[in-house]
Amino acid sequence: MAYRIRVLHQAGLLRIVRTHHRPGRPISYYRSTQDAYRVPLAATDFADQRDQTHRIGAPIYRRITDAYSAALASSGSGIRLITRDDHGGIYSTDLPPHRTPDHHPLMFEDRTIELTVEQAERLCAQLDRLIDELPDRDDRTGKTRHSYAVMVAAVPLKG
């Protein structure tokens, strides 16, 4: 580790931000010189873009579906609805509750919708703005905050 840190420091990728003096050798604390790095996929251990997406996404998706499963189980609703959409297509849903038993809001939904490119651009921009403005870290209401896993995707499907 000391070798890798020395190499990164000499390459200008790390800087010393503080040194803790103690008997013997001092302890140096390092920080990256940049906020972000662009790393080519070939420099990672991912086989390809699909492998990267699957390996990074799997634990995120599992966390969300586990929380959703727990909310469903605690709601006592063991009902599955099979119905038709507005276009006559058949789909099914587990009728998720709108709130958890301890009254926290809950939404878990996925659907395929037909959009023009312009509509998709507008949707993506609106979702991006909404997500950016909601977690206002300067909120001084004093209300307790709870963590919510939020995943949004608007991805064109091959079809």
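The model is predicted: local features need pLDDT of at least 70, side-chain atom pairs count only at pLDDT 80 or more, and totals for chains, interfaces and linings use all residues. Residues are numbered from 1 along each chain as its sequence is written, and side-chain values use heavy atoms, with hydrogens and water left out.

Trainee: Which element gives the largest share of the lining of the largest pocket?

Mentor: A pocket is an open set of points on a 1 Å grid over the protein atoms alone, where a 1.4 Å probe fits, with protein on both sides within 12 Å along at least five of seven lines; lining residues have an atom within 4 Å of a point. The largest pocket holds about 2500 Å³ of space, and 45 residues line it, with Met107, Ala149, Val150, Met151 and Val152 closest to its centre. The largest share, 6 residues, comes from α2.

Trainee: How many charged residues are in the lining of the second largest pocket?

Mentor: About 740 Å³ of space lies in the second largest pocket. Of its 22 lining residues, those closest to the centre include Glu109, Asp110 and Arg111. Asp, Glu, Lys and Arg count as charged, Ala, Val, Leu, Ile, Met, Phe, Trp, Tyr, Cys and Pro as nonpolar, and the others, Gly among them, as polar. By class, the lining has 9 nonpolar, 5 polar and, as asked, 8 charged.

Notes:
Points joined across faces, edges and corners; volume = space filled by probe spheres on them. Helix = DSSP H or I, 4+ residues; strand = E, 2+ residues; numbered from the N terminus.
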